Each structure stands twice: as C-alpha cells, then as structure tokens.
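Okay, thanks for coming, everyone.

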Amino acid sequence: MGRPPRFATAEDIWNEFVAYVDFVDKHKIDLPTHIVKGSHRDEGRGGQVARPLTLTGFMVFAGVGQKWQDFARHQCERGNEFSEVITRIRNIVSNDQIEGGVAGIYNSNLTARLNGLTEKQQVSGTMEQSIIIKTDADSAQLIKDVINAD
C-alpha cells in the first residue's frame, strides 16, 4: 500500500492553487539594475515585473515532486471532480500566460511555445531532379564498362 495522496480532495488542490495565485501576485520578480553581457556591463531598468503563473511553479509551491503532466494524469484518474479542477487550473495558467504575452508583460515567443501556439507547417511532395555528370573520355568509358558489365 502506497502513501496517501498529497491532496485528499479536489477542493484541496483548488485551495492550494488559489494560495499559489495569491503568492504569485504578492511576489513580483526583481529586475537587476545592471546586466553583464560578455565583457561589458549594461544598465538594466531595475524595478519589478509580474511573476507569471506556471504549472511548474504550482508544483514547486505545492511541494509536489512530480512533473505537472504526471500529477495531472494521476489526479484525473481519481474521478471527474479532480479532472475538472485540473482542467480549470491548466486553463487559468494558460490564459494568464497568453494574455501576459499579448500585453507584453511576458515574452510572447516563450508563452506561445509553452502553450503550443507556435505556427507549424508541414510540407510534403515529390520532386524530380536531373543530374549531369561531366567526365573526361577515360572516366566515361569506365562508367560505360561498369554499367554494361552484366
């Protein structure tokens, strides 16, 4: 028999997520006042910026030693109530990242990649190609001899 689940109910997971959102709101990220790039120093802007919601951040905050995907799958297997909470959390985090990216609060390329919003194109088809080989007379004769060797 394994140890009991970290969260007894779906409501426990939700309450922990609400506490995580509150923590994120109260703990901004401090920007450095200087940035060292290579061999020179640039002046940074300093100050604070919003901390984004992330699924990994929630796992760390909640003290869960699993990746989000494993945690979510396990919770969803526990029933519909858990599945609904996991889906709601995933949607809230994704929405925060997408809106933050669109508003320029977060890096839009990173948030797009995290949320599977990158544009992907698959190109397929066939192509015919001719190859012209230029050789001297001796090489040409050798090639003919190899081809006709049968």
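Contact here means heavy atoms within 4.5 Å.

Before I go on, a bit of housekeeping. This is a predicted model, where local features need pLDDT of at least 70 and side-chain atom pairs count only at pLDDT 80 or more, while totals for chains, interfaces and linings use all residues. Residues are numbered from 1 along each chain as its sequence is written, and side-chain values use heavy atoms, with hydrogens and water left out.

Back to Ile13. It lies in helix H1. Is Ile13 buried or exposed? Ile13 is buried, at a relative accessible area of 0%. For the cut-offs, buried is under 20% relative accessible area, exposed is over 50%, and partly exposed is in between, using a 1.4 Å probe on protein chains only. Along the chain, Ile13 and Ile86 are 73 residues apart, yet their C-alpha atoms are separated by 8.3 Å.

Now the overall layout. The protein chain has six helices and four strands, and from the N terminus on they run α-β-β-β-β-α-α-α-α-α. Those are DSSP runs numbered from the N terminus: helices are H or I with at least four residues, strands are E with at least two. Of the 150 residues in the chain, 21% are buried. And if you take contacts between residues at least 6 apart in sequence, 50% of them join residues at least 24 apart.

So what about the core? The largest nonpolar core has 20 residues, and Ile13, Phe58, Trp68, Phe71 and Ile89 touch the most other members. By nonpolar core I mean a set of buried Ala, Val, Leu, Ile, Met, Phe, Trp, Tyr and Cys residues joined through side-chain atoms within 4.5 Å. H1, H2, H3 and H4 are the elements giving two or more residues to this core.

Take a look at H3, residues 68-76. Trp68, Phe71, Ala72 and Gln75 are buried there. They sit on the same side of H3, because they cover an arc of only 95° around the axis, going by the directions from the helix axis to the C-beta atoms. What covers them includes H1 (10-26), H2 (55-62) and H4 (80-102).

On to helix pairs. Two packed helices are described by the angle between their axes and the distance between the axes. The axes are lines fitted to C-alpha atoms, for helices over the stretch in contact, with angles from 0 to 180 degrees between N-to-C directions.

The axes of H3 and H4 come within 7 Å and cross at roughly 150°, which means H3 is roughly antiparallel to H4. Under 35 degrees counts as roughly parallel, over 145 as roughly antiparallel, 65 to 115 as roughly perpendicular, and the rest as oblique.

For H1 and H2, the axes come within 10 Å and cross at roughly 105°, so H1 is roughly perpendicular to H2. On the H1 side, the contact is made by Ile13, Glu16, Phe17, Ala19, Tyr20 and Phe23, and on the H2 side by Gly57, Phe58, Phe61 and Ala62.

One last stop: Thr54, in the loop between strand S4 (48-49) and H2. At 25% relative accessibility, Thr54 counts as partly exposed. Beyond residues up to four places away in sequence, Thr54 touches Tyr20, Val93 and Gln97.
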